Amino acid sequence: METRVGRSIVLLFLLVVLGCVSGNDSGEYDNCNCDDEEGILSIQNILVGQKVSDFLISIAYFSIPIELLYFVSRSNVPFKLLFLQFIAFIVLCGLTHLLNTYSYHGPPSFQLVVCLTVAKFLTALVSCATALTLPPLIPLLLKVKIRELFLRQNVLELDQEVGMMKKQKETSLHVRMLTREIRKSLDKHTILYTTLVELSKALDLDNCAVWMPDEERREMHLTHELKASPSRDFRNYVPRNDSDVLDIKMNRGVRILRPESALGIASNGGHGGTGGAVAAVRMPMLRVSNFKGGTPEKVETCYALLVLVLPKSNLRVWTNQELEIVEVVADQVAVALSHAFILEESQRMRQKLAEQNRVLQQARKDAMMASQARKAFQKVMSHGMRRPMHSTLGLLSLLQDENMRPEQKIIGNSMLKVSRVLSNLINDVVGISENEKGSFPLDMKPFLLHSMLKEAACIAKCLCVYKGFGLEIDVQKSLPDLVVGDDERALQVILHMIGDLLNTYDQVLFGNSDFTMWKYVQMMQGYIWISPNPQCLPQGMTLLLKFRKAPPLGKSIVAPRDYLNSQFKGLKVVLADDDCVNRIVTKKLLEKLGCQVTAVSSGFECLSAISASNNSFRIILLELHMHDMDGSDVAGRIRNFHKWPLIVALLSSAEEHEKQRCIQVGINGFVHKPVQLHEMADELGRVLQRAGA
């Protein structure tokens, strides 16, 4: 606004000066004696022209103040006093020109001369006042001009900033477009090829290339390239310790490569300094392993390199805007590549877990099949070896109370003892196969150590006589007689040791042939060692077993019991067992005690016998595992309707875990297999005594 005002003041000043000069020359031709009164340039015509000119000038002068007054009233402009002076000056000049038009009709009158004189005087006065006012305004006008120059400079700077903002906006649009294209896929190859194509389009590149480290991180290999050279006579790898590679990896931002750079030459199709300018930037590739054990900063980061080549046909160089685009896009590509690598490793881990799960499922299936096979083997062992041995022990126990000669009694007792040892061995072998821990408990009870050694010597003597050897036994009197331990397993170890010594020609050493015996010795806190002869055959064995000394119990431990004509005479018993031989043997034992036995072969026959007896039976002897109905099921059905008779289950050592379930269904007692006469009598007596029968 101030600039326009200054310009208006200067123009008005020039116009006033010209008007004054024109007005002052109006009366000089009144007394001119010219001969050419008829031509165009006659005095009369000239005077008419001046008259018209003065009139038009006066009208123009009168119109200018009106415009200035309107401009001053509508605007808040400085120098209003100066404008008023100009307005007065212009009005007086117009008045002078208007009065001057009346002086062309002859000699002017006195009044006209006075008016012209006053008008010119006032005009001169106003012009002098205006001239005196202008010098102080010159610095202000210069200040306005300087401000105008500053404003122009600011406008230029604003234009530059607007241009930069436009470039930044274009850059952001390019980056956003590139990012959108890059993130359309999570496949690393698709991401890299999309990056190369889109960067080439956006920046008009000659070539783009991606370099990645090998598995050992010793070299950088050219893995992806936009324009592959048809004939590559240069290497497509660069050492990891190359100066340019190290410089790019250690610094953020885009690096301009030298013309002789090996990385730039390889990315430029093998062309050295003849190619375009080459820039490179690093791209970190984070994997799942970077997040194990801490943050990524604590783990060495793996970098890929993005190399870009400008066209070589012109002298184009990299601009800051292009470098910013490359840096931002490289960061976005690094994020996308990290996501792709993590997804790839996650899929690989998922496949590995699926394979491991498949292997585990197959192992579980194999374990279930092995468990089923083991159970089938245990069933075969139980039916094929346990039950015959139980029957044999039962029959041998019947001979103990028969009237036999001493020699026969010794043989019978030896057979019974050996049968017990064999039965325990079978039970332990089956028990180890059934028990996942491979262990079994010892039967700790008081026994007579001297008697056990004599029994072992009696059995061993038979073996030695058969092999043609003699046997002597020496038991020191200082050795305690009454001790606590597992006498049957100790006897088993002694007999096995003697058998190994007699079996020298088979070259079988203890510890290699029978792992179970060694477990017995360890469980009894003992030790056994062998003294071989020069032929590496066992010549002597030493056995060390530890027993705890028991307090004296009198003679009750060996006192004989008379089961004949006892409380069992006439006792009505139902025997349920699906094994024919065991059923016969158990029946003989019960009849030996004086019981009246009704033997049945199934659980249903047992229920039928109980229903038809009108509660005349006092004891039911049940085999727990029968084909048609389990013994616990039979007991449960009986207890649903009757509290009588008493129920005793036949229980093997492998079925100890079923005791609690049997007690819950109402079974009153248990007879352990192999069933022997005195053990059955003791258990039946306890059951009847607890019931008060």
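Select the six strands that form an open sheet in the order β3-β2-β1-β6-β5-β4, where the pairing is antiparallel; strands here are DSSP runs of E with at least two residues, helices are runs of H or I with at least four residues, and both are numbered from the N terminus. Two strands are said to pair if DSSP finds at least two bridges between them. The edge strands are β3 and β4 (255-256), each of which pairs on one side only.

This is a predicted model, in which local features need a pLDDT of at least 70 and side-chain atom pairs count only at pLDDT 80 or more, while totals for chains, interfaces and linings use all residues. Residues are numbered from 1 along each chain as its sequence is written, and side-chain values use heavy atoms, with hydrogens and water left out.

Go next to β1 (residues 207-213) and β2 (residues 219-225), which pair in the antiparallel sense over 5 bridges. Click on methionine 212, and look across to its bridge partner in β2, histidine 221. The hairpin of these two strands has 5 residues between the strands, and in it arginine 217 takes a positive phi near 60°.

From β2, move on to β3 (residues 237-239), which runs antiparallel to β2 and is joined to it by 3 bridges; here methionine 220 stands opposite valine 238 in β3.

Axes are lines fitted to C-alpha atoms, for helices over the stretch in contact, and angles run from 0 to 180 degrees between N-to-C directions. Helix α6 (residues 243-250) packs on the sheet as well, touching β2, β3, β4, β5 (278-285) and β6, with a direction at about 55° to that of β5.

**The three-stranded sheet**

Select β7, β8 and β11, which form an open sheet of 3 strands in the order β7-β8-β11 with antiparallel pairing. Strands β7 (445-448) and β11 (548-549) stand at the edges with a single partner strand each, so one side of each is left without a neighbour in the sheet. Strand β8 (residues 482-485) and β11 run antiparallel and are joined by 2 bridges, and valine 483 can be found opposite lysine 549 in β11. Helix α10 (residues 449-467) packs on this sheet, where it touches β7 and β8, and its direction makes about 60° with that of β7.

Among the residues that make the contact are Met452, Leu453 and Ala456 of α10 and Asp487, Ala490 and Leu491 of α11. The residues of this contact divide into 13 nonpolar, no polar and 2 charged; Ala, Val, Leu, Ile, Met, Phe, Trp, Tyr, Cys and Pro count as nonpolar, Asp, Glu, Lys and Arg as charged, and the others, Gly among them, as polar.

Move on to helix α13 (residues 580-592) and helix α17 (residues 677-691), which pack at an angle of about 65° with their axes 10 Å apart. Here Thr586, Leu589, Leu590 and Lys592 in α13 meet Leu677, Met680 and Leu684 in α17, and the residues of the contact divide into 5 nonpolar, 1 polar and 1 charged.

Select helix α14 (residues 603-612) with helix α15 (residues 631-641), whose axes are 10 Å apart and which pack at an angle of about 25°. That makes α14 roughly parallel to α15. The residues that meet are Gly603, Phe604, Cys606, Leu607 and Ile610 in α14 and Val634, Arg637 and Ile638 in α15.

**Where to read with care**

Finally, colour the chain by pLDDT, the predictor's confidence in each residue, from 0 to 100. The chain averages a pLDDT of 77, and 79% of the residues score at least 70. Over residues 1-36 pLDDT stays under 50, and over residues 505-513 pLDDT likewise stays under 50. Where pLDDT is low, the predicted coordinates should not be read in detail.

How values were computed: Angles under 35 degrees count as roughly parallel, over 145 as roughly antiparallel, 65 to 115 as roughly perpendicular and the rest as oblique. Contact means heavy atoms within 4.5 Å.
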